[in-house]
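Subject: Structure for you to look at

Dear colleague,

Please find below the structure I promised to hand over, with my notes following it. I would be glad if you read them with the coordinates open.

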Amino acid sequence: MFQKILIANRGEIACRIMRTARRMGIATVAIYSSADAEALHVREADEAHWVGPAPSAQSYLDIAAIIAAAQATGAQAIHPGYGFLSENAAFAEACKAAGIVFIGPDVEAIRVMGSKSEAKALMAGHGVPLVPGYYGAEQSDAALTAAAQEVGLPLLIKASAGGGGRGMRIVRDFAEFPAALASAQREARNAFGDPTVLLERYIENPRHIEVQVFGDTFGNVVHLHERDCSLQRRHQKVIEEAPAVHLTETQRATLFGAAIKAAHAVNYVGAGTVEFILDRAGGIYFIEMNTRLQVEHPVTERVTGQDLVAWQLRVAAGEPLPLSQSEITCRGHAIEVRVYAEDPDQNFQPSTGRLEHLALPAESAHVRVDTGVVTGDSVTPFYDAMIAKIITDADTRADALQQMQRALAHTEIVGVTGNIPYLQRILAHPEFQAGGFDTHFVDDQRDALVPVATATPPEVCLLLAAHAHHQTAHALRRYHAPAPEAGSPWETLVGFRLNEDPCFTFKFQRGEETLTLDLRQEGPSQVLICAGQELRFQIVSCEGARVEVKSATSRLHGAVVATARETHVFWSGTQHRFTPLSLLDTGEDETEAGGKLVAPMPGAVMAVLVEVGATVTRGTPVLVLEAMKIEHTLLAPFDGTVLEIRYRVGEQVLREGEELVKLQPLTEAIEV
Ligand code: ADP
């Protein structure tokens, strides 16, 4: 076995690999970019090596720098994790050339499977069922247009080198084909350096089922059962589970048989995933093979009781597979959710910033948490916005779901917008609970998944009031001069007024609701008057974010986190965001951005779709900005003329609110 490995990745996956390495007595070397100097994966590794500046292209994707780090630290093998260089054949080749073991399959398997087109051609030859489509090398517009006619509508244009749902366009009308093709090719070229596309018949409402496979250097290949990853947004997985529900044993046998065939076809070594889609009639089609460990591997680990990273390390060190097919069993049910820094209510826009407060559920026999960040860390625009993966398991799916609901109720995020409430709404949805939904669930249920505005519950008012009072009392005590006599009301009672009860008023805004909290001290108790209700309580404790209060008949606890601009209350699995009213009315004029097209977030300029002097109408696409792996097309906010374009294609926009394009509104243009 290796004595030392380098992990060519960051965040939760780097931390997760270290967990197994530590258990196996293997020393770990982390790599980091300038943006990650203080990151958890750096702190947890035995040693860490800087590989370049923040942009991935200059650090986590810099093959030479990573190989040099492995050589400098004496690492015998490199684990690539997922993403970054994990499916990069040149990287596997470079490791080999440097005499370092690449913990993954052979260069040739990565290369073939890295091209969806080549993979499909190979699979067809091995009797693996495929979605009808065009996988050819001829990529002229004429050839692709002719092929599109043959494949028929609806069709899907995919980047051959694609991944993460990028470079994909659905075409339902041939008139849309040229624009969709150009846009898919552009995204493919920018993201993967290869504009090659393939065309596939678009399967309506499919399920996404994938099979975990494992091969060793002795030619053995096994499967570790399936995962259902149908819960997706924008073709990206959000919730995964194992096993898949409502599958017949015949379907399972077909899936496993096809997956093993696919792995044998490329003499597969290490961990791989063979992905399929199932149509509504139950037809099974191969879509691609991922030649690495998947993000969602923990659900397989929970139901099989195996550690897939340990398997990877053993196989890479030349050992045979730890178990034979008949020894691998699938027990119970496991589910994983991806906790992202994104705003599902704003079209899943990534949210960057400092994690002012992050509380994740406690790990237990049924709850596992994989994360790479802690309170105080930042989610930057440079990398994936995943905060954590929460995995629960139980004997039945219903129990695993219940465990997940409890786990999410104990997850608190302040500083960036998290998707917890959205995940909770999905988990509570009857169709999700029934299982067997398809990849369109999120779109089809859009209306059922939007937040419902509700009045602030009295419990939340109470926690907010208790915290506000505690903070004020604390602040006042700090600024008061020492009292002349012990026990003086000036020292002990906050809000003390002669001949009157001590009294405070706090005002907060929550959405459309303005909340006035009137607090009066009566002996040891506080009396809160809010929304016409009178609530009498005592503060039991207020330490850090945790707040506990009691009334004559009950006890209540929650968490309250105040940042410079907001106060967040967590109670009973819900999060409520308030703005202290004094912070509102900063005088910022909403129309201030008028005349400018500003960046809604930091990112890279992918395309400029207009020229200086061009006339645009409201809604005209002006510029394409890529942030957190998603292309955002920015539209003209009004009719006007383009005066100045401030960024060129490829340039990085470092700050949100940065002016990208100067526009002259049409009305003004006429006046001039
Ligand atoms: P990527 O490598 O970018 O993740 P995949 O080929 O794995 O791309 O597909 C990602 C998702 O896109 C699938 O899980 C599925 O939801 C959808 N998808 C892929 N191919 C098809 C198809 N032919 N018809 C319908 N949906 C598809």
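How many nonpolar, polar and charged residues does the shell around the ligand have? In this predicted model, the shell has eight nonpolar, eight polar and seven charged residues. The ligand is surrounded by 23 residues, of which K116, G165, H208, Q232 and E288 are the closest. Because domain 2 (132–201) and domain 3 (208–444) both give residues to this shell, the ligand lies between them.

In the case of H235, an N or O atom of the side chain is 3.3 Å from an oxygen atom of the ligand. On its own the ligand has 550 Å² of accessible area, and the protein covers 96% of that. The elements that contribute two or more residues to the shell are β7 (155–159), β9 (197–201), β13 (270–278) and β14 (284–290).

I also looked at S230, which is found in strand β11 (residues 221–233). S230 is buried, because its relative accessible area is 1% and the cut-off for buried is under 20%. Its side chain makes a polar contact of 2.6 Å with the side chain of D228, and, leaving aside residues up to four places away in sequence, S230 touches R207, H208, F437, D438 and T439.

Terms used
Residues are numbered from 1 along each chain as its sequence is written. This is a predicted model: local features need pLDDT of at least 70, side-chain atom pairs count only at pLDDT 80 or more; totals for chains, interfaces and linings use all residues. Side-chain values use heavy atoms; hydrogens and water are left out. Helices (H or I, at least four residues) and strands (E, at least two) are DSSP runs, numbered from the N terminus. Buried means under 20% relative accessible area, exposed over 50%, partly exposed in between (1.4 Å probe, protein chains only). A polar contact is a pair of N or O atoms within 3.5 Å; within protein, one must be able to donate a hydrogen and the other to accept it, and residues adjacent in sequence count only if both atoms are side-chain atoms. Contact means heavy atoms within 4.5 Å. A residue is near a molecule or strand if one of its heavy atoms lies within 4 Å of it. Accessible areas come from the Shrake-Rupley method with a 1.4 Å probe; for residues, only the protein chains shown count as cover. Ala, Val, Leu, Ile, Met, Phe, Trp, Tyr, Cys and Pro count as nonpolar, Asp, Glu, Lys and Arg as charged, and the others, Gly among them, as polar. Domain bounds come from an automatic or database domain assignment.
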